[in-house]
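My notebook is open, and I'm going through this one piece by piece. Here is what I looked up, in the order I got to it.

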Amino acid sequence: MGRLVSLQDNKTVTLIGAGMAGTLLAVLLAKRGYRIELFERNPDPRKGGAPAGRSVNLALGERGRYALRQAGLLAKVDAFAIPMRGRMLHDLDGSMRLQPYGKDESEVIYSVHRARLNECLLDAAEALDGVKIHFDHRLDEIDWAKGRARLVHTRTETELSHDFDALIGLDGAGSAVRQSMNGEMELGVSEELLETGYKEFSIPAGEDGRHQLDPNALHIWPRGGFMLIALANSDGSFTLTLFLDNEAHGDMPGFDQLGDWPAQRAFMEEQFVDAVPLITRLEEEFRDNPVGLLGTIRCRRWHLGGKGLIIGDAAHAIVPFHGQGVNAAFEDCVELMDCIGDGSREWSEVFADLQQKRIDNANAIADMALENYDIMRESVRHEGFLLRKALEHELERRHPGHFVARYSLVMFHRVPYAETYRRGEIQAQILDELLEGVEALEDVDYDKASRLIGERLDPLQERL
């Protein structure tokens with residue numbers, strides 16, 4: 001694969017994919033003095049808008065916010081981010097109840113419009129010297145031995161030959177970089193599609209320009225095998241997403257049953273009685289917005305010596321049910337910058353180091369995201385879940401920095417995902433033992449709780 005060039009020898013990096021992770025990494029690298037050539041197959045979204053029905057709003061947690069802080073962009077994003085303090089559950093009869101996310105009001109996550117965040121990052125990258133963004137350029141082929149990529153302009157079909165020393169793929173779940181790398185060396189790629197698809201809808205701002213639902217909550221209509229969710233946007237609107245199996249089975253409905261407007265309207269009115277009057281373009285959005293695919297992609301290898309690397313969804317796409325897709329990709333970028341350090345190492349060392357540090361964490365959040373789907377669509381409806389969450393929060397208050405709920409570790413802290421998963425398993429066992437035969441919080445044996453926590457969990461205080 002030719003001479004391995006150290007970072008100090010050549011400070012030009014080629015990035016493929018100008019989505020969230022690609023643009024953030026461009027900013028972080030440029031601020032460190034690197035020159036960036038960033039290629040994106042789609043047009044500039046700031047000129048034409050995002051494709052309809054494909055946004056899936058983000059839930060930005062501390063991992064993503066930390067990355068934006070490192071890039072100097074958190075204040076700009078906070079200008080349009082909306083804090084959410086918990087889940088607002090909508091029952092079949094339209095009644096609502098709030099489940100707080102954290103142990104107190106300081107623990108919130110943030111609803112962020114995906115397209116607006118991408119535009120913010122693009123503006124920041126483009127404003128930096130040394131960053132050059134090439135829109136409408138599709139990656140066609142990579143000659144890894146020569147360090148040469150062939151790209152095609154999507155509108156003119158003009159070919160561009162681009163020489164590179166190090167190329168990083170941040171081009172999403174369908175990554176062309178991953179496919180090219182896998183043709184050169186087996187990456188151990190596995191793809192697992194869910195039977196569930198998704199379709200997006202919208203609730204406009206009210207006549208007064210304000211939100212028609214509480215904007216400071218993630219709204220969920222949990223229905224067992226399926227659910228509707230809604231996240232607020234800063235313009236007073238909401239983005240809604242219906243998660244439903246693609247095919248009906250047994251008593252469980254599917255998108256295949258909703259082929260015409262009468263069936264669509266009847267389903268929505270039966271299941272989401274309080275949401276339907278607010279979705280003013282329900283028929284048009286059912287017709288025009290596509291059913292999206294959901295799945296998990298894992299790779300056992302992320303790099304090709306010192307020439308190529310994949311991160312973000314290109315290396316570890318996950319389902320959106322823990323709100324961690326972009327958060328995890330941003331954390332990849334921060335970790336990569338830590339691996340780069342002072343720039344004295346070769347790319348091969350940096351890429352291998354990143355892979356070693358991130359693969360177990362990527363697999364852990366993939367597993368937790370799948371588990372959280374069952375929690376969101378089913379478990380949140382039950383009194384036993386509410387008691388369990390209440391006990392988690394009580395133990396957090398009684399044992400600060402020692403017992404921390406798994407959800408909190410994922411969303412409000414930066415403890416590695418793999419460690420979070422491991423601690424979560426231990427804490428789940430503790431909760432099971434404490435709740436056996438217990439029907440109310442005041443009946444919990446807190447002396448036993450203190451003993452189990454002291455015996456089984458290491459303190460986390462200094463790492464939070």
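**Entry 1: Glu 186.** I began with Glu 186, which is exposed because its relative accessible area is 54%; exposed means over 50%, buried under 20% and partly exposed in between, using a 1.4 Å probe and protein chains only. Glu 186 sits in the loop between helix H6 (176-184) and S13. Helices (H or I, at least four residues) and strands (E, at least two) are DSSP runs, numbered from the N terminus. I looked for what its side chain reaches, and found the backbone nitrogen of Gly 188 at 2.8 Å. I also checked Arg 281, 95 residues away along the chain from Glu 186, and their C-alpha atoms are separated by 47 Å.

**Entry 2: ground rules.** I noted that this is a predicted model, where local features need pLDDT of at least 70 and side-chain atom pairs count only at pLDDT 80 or more, while totals for chains, interfaces and linings use all residues. Residues are numbered from 1 along each chain as its sequence is written, and side-chain values use heavy atoms, with hydrogens and water left out.

**Entry 3: confidence.** pLDDT is the predictor's confidence in each residue, from 0 to 100. The protein averages 93, and 96% of the residues score at least 70. Over residues 1-8 the pLDDT is below 50, though this stretch has 24 contacts in the model beyond near neighbours in sequence; a contact means heavy atoms within 4.5 Å.

**Entry 4: strand S16.** How many of the residues of strand S16 (residues 238-245) are buried? I got 8 of the 8, so the strand is largely enclosed by the rest of the structure. Next I sorted the side chains: Phe 238, Leu 240, Leu 242 and Leu 244 point one way, and Thr 239, Thr 241, Phe 243 and Asp 245 point the other.

Strand S13 (residues 190-203) runs antiparallel to S16 and is joined to it by 8 bridges, with Ile 203 partnering Phe 238. Strand S15 (residues 227-232) is also antiparallel to S16, with 6 bridges, and there Ile 229 partners Thr 241. The hairpin of S15 and S16 has 5 residues between the strands, and Gly 236 takes a positive phi near 95° there.

Entry 5: Most residues other than glycine have a negative phi. I still found Asp 136 with a positive phi of about 60°, in the loop between strand S8 (131-134) and strand S9 (137-143). Asp 136 counts as buried because its relative accessibility is 8%. Glu 157 has a positive phi too, about 65°, and belongs to the loop between strand S10 (148-153) and strand S11 (159-163).

**Entry 6: His 413 and H14.** His 413 lies in the loop between helix H13 (406-412) and helix H14 (417-435). His 413 is buried, at 15% relative accessible area, and its contacts include Glu 62, Arg 63 and Leu 464. H14 itself has 19 residues and reaches 26 Å from first C-alpha to last, close to the 27 Å expected at 1.5 Å a residue; the expected span is 1.5 Å times one less than the number of residues. Just after H14, Gly 437 takes a positive phi of about 75°.

Note on methods:
Pairing = 2+ DSSP bridges. Polar contact = N/O pair within 3.5 Å; in protein donor to acceptor, adjacent residues only side chain to side chain. Lists of a residue's contacts leave out its neighbours within four places in sequence.
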